[in-house]
Each structure stands twice: as structure tokens, then as C-alpha cells.
Amino acid sequence: MTLSATDFAYVAGLVRRESAIVLTPGKEYLVEARLLPVARQAGAASVADFLSGLQRRPDTTMHRSIVDALTTNETSWFRDREPFTALTDVVLPELLPTRTNRTLRIWSAASSSGQEAYSLAMTMQQALPAGWQYQIMGTDISTEMIKRAGTGEYSQVEVNRGLPAQLLVHFFTRSGTGWRVNPALRQNVTFQQMNLAAPLPSMAPFDVIFLRNILIYFDVETKRTVLRNVGRLLRPDGYLFLGAAETTIGVDESFERVAMGRTSAYRPRVSVPAGAVGKG
Amino acid sequence: MRLILRRIVSQLGFEVIEAEDGKAALDLLGTVDEVPKLALIDWNMPNMNGLEFVIAARDDARLRDMTLVMVTTESEHGHIVRALAAGAHEYVIKPFTTDAMIEKLALLGLVPTGANL
Amino acid sequence: MNEHMTPTVEDLREIADQVWKAYLDPEGVRPLIQVDTAVTGTEVSASVSLTGAWDGHVLVSCSNAAAREAAAAFLGMEPAEVTEEDLTDVMGELANIVGGNVKSMLPPNTAVSLPHVVTGSANRFPMTRQIAELAGTWIDQPFSITMWQSSELAEVPA
């Protein structure tokens, strides 16, 4: 019933490559238990069958399901914290003077169960001056995740993760055994299913895009497609935030990296045509 | 619960002292040379409960720098508001995962850098 | 979502899921499996009483083996290292956490008692009726969480 050494090594290699998580020997039981639902959903009779099929014919969607099944279950609020601090301390002061319509649009481009989108909403709610509005759009490839995020409901265990108690009491109400996001916050967030690697619907451009911890799941070509698709929807003076271990360098030269406090962000590179006249 | 918390914070480099209720805690704090950096406080305790302890601790200039974190099953909205208003710095609801506890402590700047998950 | 007066089996299920995720089964490999039939063979139980707007008890019961495993998981030790005191502490804490979370769904002026742990046959609560039972097995051991509501004083037959 337990995984063969080859199968375990295959999974460990995959997970290491795509998420930097290390599966040490001894965790075979974990892999077996977590992959069984994935294998079943793929129509395989067992995890072993599922994995041998995959090794014969690689399938990046399946790779993603495997990594998902083996990484931590709960997402954190304000994940890594630095990007949210950078948003408040650097990005807002820079953008606010230029947005005459006093509205900011932010895209949480791999919103999963919604914590990032609502974290962005809480940040905006607290940092924007009176008279300003914001819109957060959360998208994910999974319709189920979109539905889940839309409910705004979170369990006790989930609200413990990285969410300051002050914000919990300010923005959430008890709901059944857990908590629910208040309407005041919920009304500024929309969720929509979207595949970043496919042609995207046309939308008004965004001031800030969070594309965090999703590129790691893709091969280089798909990374390029996603960054190109996403980049087209970013305002020229807007900012793109990636995950802590991710970069556009070597993937998409149309972005340049900008250091921000203890993290960095990316913005569209402004290219000056050859022979351009200098500013007076 | 004290054993679990002891395990988590010891791994983060803390030395741990324990008391079984709020009054015993205040008595103990009166005898130590060094005021603890962090207090993990349950709500429901005999003699002096967690809320009363928070109020007493915030009233004592000597304990001013001690970070107060409630760790409790009391999870009604009103309870949390009261604890924060009384001076608790953070609030962890039971059940909590180890990661969650460490993240809360990191929020408070109490996790040594390099101890990230 | 679930805006009702009395917690249901589904609520007990959600609370149990949280407890398992946090302490007894963080890796998601040995969950509490819900069963349809009533649980038998429990040898240790812990309960908390709720009083105020709602009166009753929340009871956590399981076999000795399950209690030992739970204590081991909770305290990060091997089952063989678990002492009687550890077992009582952990069972009490389980009742405290489940009971506390049930309480937080009830009207605000409900109080929860300190936990009461007994070994041997399950706690008997006079003048109560069972209103919800989450019956299950955990690592092939009986494990149940039940809620008992205090009844009105019954008419004594003449």
C-alpha cells in the first residue's frame, strides 16, 4: 500500500521543483494519504497507478494538483507582510496624487480561498484617505475556490493565521462555528474564475496586481504567457507583486525590479526610443 | 495547554515560567528579577481570570513592557473586543495550529529573525 | 449561514474538524470518521457544563487507547510516555475547546464550567436529554462528542 521508493522520489522531486518544499523519507504515508483523492479524481485506481501514468505522460495540471495536495492547507492573511507594508508605505503615496478619479483598482490574480483579496481590502480600507474608493478583483482558475472566497466565511483555525485581532473584530462577525467578512469590506471585492494562461477578458487596467506564489507552478513558456497577459492589464505606473521567491528576471524583460522596503515589486519598464530628445 | 505552549515557545528560544491562575501569576511576577517579554493568558481561570489579569498587568508600571496575548476558547466578538480594550496585544483562539501561534508572535516582533517557516 | 439557537451535529462536526486539524491530525492523514450508529466502548470522558441562556453539557468520550493517542498528539510525545495526569489534562482540554466553541455560538450570557473528567462508563447527567451526537471512529477507536440539554422538571407520577 505504501509508495515505492521511485514513486516517492518522483513526487518529492516534483514538489521540490515547483514549491521548494522538501519531502523527506518517512513521509510516504503522508504522500499516499494526500494523493489518494487526487488520484481518484484523475480516474486512477491507486496512487501508484496515478503516478506511473504521470511519469509516462507528464501533465502540468496534475503536477499542480499534486503540489496543492501536499502543501499547507490554510493560507495566511497578509502573507509575508512586507508586500502589504510596501503597498501602504511606498505605492499609495506614489499613486494617490496621480489618480484624479480617487479610485484604486487592485487585482489578486491567484486568489485561492480569498485571504489575499480580503487582506488587500483591509489594507485599502485602513490606508486610503476619506473620499477614496477601491475595487479588489480576485480571480482563480478554480470555480470552487471562487465560490468559497465569495462566501467570505472562515473557520477559527483560518482566522488565527496572520490576522491581527484588531482587524478580526473590526472586519469580521461570528458566523456559525466560524467568522464572516463584514458587508462593508465584502462590497468592494469581486471574485471571478479566470485562467491566466488563456486569453483574458478585456478589463479596465489595474493600479496594483498581486500575482503571488502562482508562477512557480508553471513552466517558462506559460510563465511568459501569464506575465504578458497580466502585464497588459497593469497601468504603466502601476506595480506588480510576486511571491517571495519569484522574479520576472530572465522571464519577462518588460518589467523592471524596484526595491521597496524589505521586499521588491515590478513595474513596466519604460523604454526610451533611440534618438529621443532629452527632457528640457 | 500549558505544555503545548511551552513546547512551541521553547523552540523559539524562550524560557518559560508558569502559573495556574491570574492571582498566582501576579504573585510569581512579583518575585522574578526579569519581567517576561511575553505572557500567554487563558481567560477562564479560578481566583483571577484572564481579563482581570490583563487589567491588573496594564495597571502595573513594572509590567508595562510585557506583551499580553490571550490564548483561549472564548471567541465571541464581544470577548475579543473587551480583551483588546483592556490592553491585550493579541488574541489567539483555540484551536490554533503551531504555525498560527508562531505567526501571531511574529506579528508582535517576538520571533527571532531567521525562525521563519 | 447557520444562524440558529441550538448547535447541531453539523456544528459539532465543524468544531471537531478544527480540533483535529490543529492538534490531533495536522497532516490530514488520520481524521475523525463520522459513523451512523451510536458509539459504544468509550472508557473515558470529559465534559463541560454550559449555564445561562442555555443549560446543558458537552461531552467528549472515547476509548483509553484513543485518549492516550490524543494526549500523545497534543503533547508531542510517544503514547507510551503519556501519564494518567497528561491524559486527564488533554481530555479536559478537548472538552474545554469543543465546549468553548459551542458556547460561542450560543447567546452571550452563557457561561462554561471547568472540565470534569471521568474514567469508566460515561458521565451520567440527570434531568437531561441528548440533543446531538457526533459519533465517530478515530484510528479505529470509538470517539464521540455529544450535547445534552437540561430538561424541565418532569411531572412525578402520583
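Me: How many residues of helix 3 of chain C are buried?

Reply: In this predicted model, 16 of the 20 residues in helix 3 of chain C are buried, so count that helix as mostly covered. Buried means under 20% relative accessible area.

Me: What span does helix 3 of chain C reach from its first C-alpha to its last?

Reply: Start with the expected value, 1.5 Å a residue. Helix 3 of chain C covers residues 84-103 and reaches 28 Å, close to the 28 Å expected.

Me: Now chain A. At what angle do helix 3 and helix 4 of chain A pack?

Reply: Angles over 145 degrees count as roughly antiparallel, and 65 to 115 as roughly perpendicular. Helix 3 (residues 47-56) and helix 4 (residues 60-70) of chain A pack at about 135 degrees, with axes 11 Å apart. The two are therefore oblique to each other. Their crossing is left-handed.

Me: Which residues of helix 3 and helix 4 of chain A meet?

Reply: From helix 3 of chain A come Phe50(A), Leu51(A) and Leu54(A); from helix 4 of chain A come Met62(A), His63(A) and Ile66(A). By class, this contact has five nonpolar residues, one polar and no charged.

Me: How do the axes of helix 2 and helix 4 of chain A cross?

Reply: Helix 2 (residues 28-41) of chain A crosses helix 4 of chain A at roughly 130 degrees, and the axes come within 9 Å. That makes the pair oblique. The crossing is right-handed.

Me: Which residues of helix 2 of chain A meet helix 4 of chain A?

Reply: Leu30(A), Val31(A), Arg34(A), Leu35(A) and Val38(A) do. Their partners in helix 4 of chain A are Ser65(A), Ile66(A), Ala69(A) and Leu70(A). The contact has seven nonpolar residues, one polar and one charged.

Note on methods: Residues are numbered from 1 along each chain as its sequence is written. Chains are lettered from A and ligands numbered from 1 in the order in which they are written. This is a predicted model: local features need pLDDT of at least 70, side-chain atom pairs count only at pLDDT 80 or more; totals for chains, interfaces and linings use all residues. Side-chain values use heavy atoms; hydrogens and water are left out. Axes are lines fitted to C-alpha atoms, for helices over the stretch in contact, and angles run from 0 to 180 degrees between N-to-C directions. Helices (H or I, at least four residues) and strands (E, at least two) are DSSP runs, numbered from the N terminus. Angles under 35 degrees count as roughly parallel, over 145 as roughly antiparallel, 65 to 115 as roughly perpendicular and the rest as oblique. A crossing is left-handed if the near helix is turned anticlockwise from the far one by less than a right angle, and right-handed if clockwise. Contact means heavy atoms within 4.5 Å. Ala, Val, Leu, Ile, Met, Phe, Trp, Tyr, Cys and Pro count as nonpolar, Asp, Glu, Lys and Arg as charged, and the others, Gly among them, as polar. The expected span of a helix is 1.5 Å times one less than its number of residues. Buried means under 20% relative accessible area, exposed over 50%, partly exposed in between (1.4 Å probe, protein chains only).
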